[in-house]
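Dear colleague,

I am passing on the structure below, followed by notes on what turned up in it. Please read the notes with the coordinates open beside them.

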Amino acid sequence: MPAQQTPVRHHEKHPTIILSLILISYMMIVIDNSVVITGLPKIHQELSFSLAGLSWVSSAYALTFGGLLLLSAKAGDLFGRKRMLNIGLTIFTLASLAISLAPEAAFLVIARAIQGVGAAILAPSTLAILQITFPAGPARTRAISLYAAAGGLSASVGLVIGGVLAELVSWRAGFMVNVPIGIVLIIAASRYIDETDKQSGKPDIPGAILSSLGMTGIVYGTVSSGTLGWSSLVTQLSFLVGGLLLLWFILIERKVDEPIMPLHLFKSAERSGAYAARLLYIGAAMGFFFYSTQFMQGVLHYSPIQAGLAFLPAMMTNFVVALNVPKLVQRIGSRRILILSLLFALIGMLMLSRLDASSTFISGLLLPTVFIGIGIGGAMGPLTTSGINGVAPKDAGAASGIVNVAHQIGGALGLSVLVAAAEAGGENLAAVPLLIHQTGNAFTAGAVLIAFSLLLVLTVMRRTKKA
């Protein structure tokens with residue numbers, strides 16, 4: 001029997017405290033994923049990762065995060081958002097402790113995957129609690145704007161924090177700081193957040209397993225193509241198995257009574273375009289952070305702290321633009337903001353693809369990183385709005401889950417594509433010339449992803465309404 005919709009109960013007590021808990025929980029997820037990026041060179045050296053294998057430090061987290069988001073959203077409906085929030089915080093905190101103590105590469109990747117499980121449980125709970133805390137209207141609009149701005153700021157702040165800690169302490173410290181923060185959040189959430197009403201029904205576990213395993217196969221095939229080649233049996237089997245599992249997942253979603261991904265949500269051209277455009281765009285953005293760090297530390301010989309501070313212009317631009325998006329949308333429309341943002345990001349990525357051994361921060365990195373900061377800050381809000389536009393109340397959670405899935409899987413898959421592109425044609429190169437070649441290839445591939453994202457906005461999403 002279909003589950004009944006959970007009544008919305010708006011909390012009058014402690015709304016500021018609850019919003020603070022939501023923002024800090026969300027920021028912890030985003031910052032942690034950024035902290036690891038500026039620490040990657042140190043992790044690379046200390047744990048003897050290959051460059052292709054190093055991408056799994058991010059991809060393992062993104063895969064479990066994205067693969068379990070839909071199931072976790074449904075579990076919150078069944079068992080209560082407060083309970084799921086605390087479970088997510090507990091898993092995330094314990095996994096952070098394990099990562100900080102990782103003795104070898106395989107242990108680190110497994111712990112990152114478990115951390116992604118915690119993030120998958122935590123993320124949809126924060127959004128659901130925000131919704132029941134703030135009624136529809138200006139209060140909720142402001143809260144969601146702060147949520148989006150916090151995400152953009154956290155991504156850049158994490159790069160700075162990761163660089164500072166990797167340089168002055170250890171890359172492990174960036175994960176260890178989550179432990180006391182997580183404990184405080186669990187205690188505060190238990191005290192100030194009320195439990196939500198629970199629904200009857202059962203989670204779509206087969207769908208969650210198939211979707212997660214299918215994407216793992218696709219991403220693994222893309223990563224292995226960089227080292228084994230596209231003609232490798234391992235690469236081809238990974239794509240084949242991943243594709244078949246995803247097809248099986250879609251067939252299951254058509255038949256189950258309570259799917260974790262209702263397929264009718266894709267009947268809207270605007271929503272479908274927004275999901276696909278987000279997936280491509282976030283893939284390029286992840287590649288930007290990953291390969292900018294490699295270039296700064298490997299070619300310009302920046303220390304981790306210098307590399308982290310080099311992202312400050314992008315961070316500040318991102319934050320300022322994200323805060324002003326609601327006003328700009330009212331003036332010129334969401335679609336125009338999205339198109340302009342993608343154009344800025346595309347130009348920035350093309351500029352980065354021309355970096356060479358003579359490049360400096362001022363001449364080669366400053367302007368394109370600012371452009372990409374504008375692009376990320378301006379695009380996320382409109383893409384999110386289009387991803388949930390016109391959705392019935394009973395499907396609001398599922399639509400939000402798909403937005404988050406596109407975000408996380410896009411990061412993993414996009415980074416894998418850029419890793420494969422980076423490895424092409426560099427067989428006779430070594431050391432710095434090889435790294436320059438790899439970053440140039442990766443940024444070019446990132447520009448292609450953004451160009452396709454822009455094309456989707458101009459064609460598939462062409463009917464997007466103003467605001």
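Tyr275 counts as buried because its relative accessible area is 5%, where buried means under 20%, exposed over 50% and partly exposed in between (1.4 Å probe, protein chains only). Tyr275 forms an edge-to-face aromatic pair with Phe266, at 5.5 Å centre to centre and with 70° between the planes; rings of Phe, Tyr and Trp (its six-membered ring) pair if their centres lie within 6.5 Å, and planes under 30 degrees apart count as stacked, over 60 as edge-to-face and the rest as tilted. Phe266 counts as partly exposed because its relative accessibility is 31%.

The model is a predicted one, in which local features need pLDDT of at least 70 and side-chain atom pairs count only at pLDDT 80 or more, while totals for chains, interfaces and linings use all residues. Residues are numbered from 1 along each chain as its sequence is written, and side-chain values use heavy atoms, with hydrogens and water left out.

The structure holds eight aromatic pairs. Among them is the edge-to-face pair of Trp171 and Phe175, 6.3 Å centre to centre with 80° between the planes, and both of these residues are buried. Phe288, Phe289 and Phe311 form one aromatic cluster.

A search of the whole structure finds one salt bridge, the term being used for a side-chain nitrogen of Lys or Arg within 4 Å of a carboxyl oxygen of Asp or Glu. It joins Arg172 to Glu46, with the closest N and O atoms 2.6 Å apart. The pair links distant parts of the chain, 126 residues apart, since Arg172 lies in the loop between helix 6 (138-168) and helix 7 (173-176) and Glu46 in helix 1 (residues 15-47); helices here are DSSP runs (H or I, at least four residues), numbered from the N terminus. Arg172 counts as buried at 18% relative accessibility, whereas Glu46, at 43%, counts as partly exposed.

Helix 10 has 23 residues and reaches 33 Å from its first C-alpha to its last, close to the 33 Å expected at 1.5 Å a residue, the expected span being 1.5 Å times one less than the number of residues. Its buried residues are Thr235, Ser238, Gly242, Leu245, Phe249, Ile252 and Glu253. Leu233, which lies in this helix (residues 233-255), counts as exposed because its relative accessibility is 58%.

Best regards

Methods: Helices (H or I, at least four residues) and strands (E, at least two) are DSSP runs, numbered from the N terminus.
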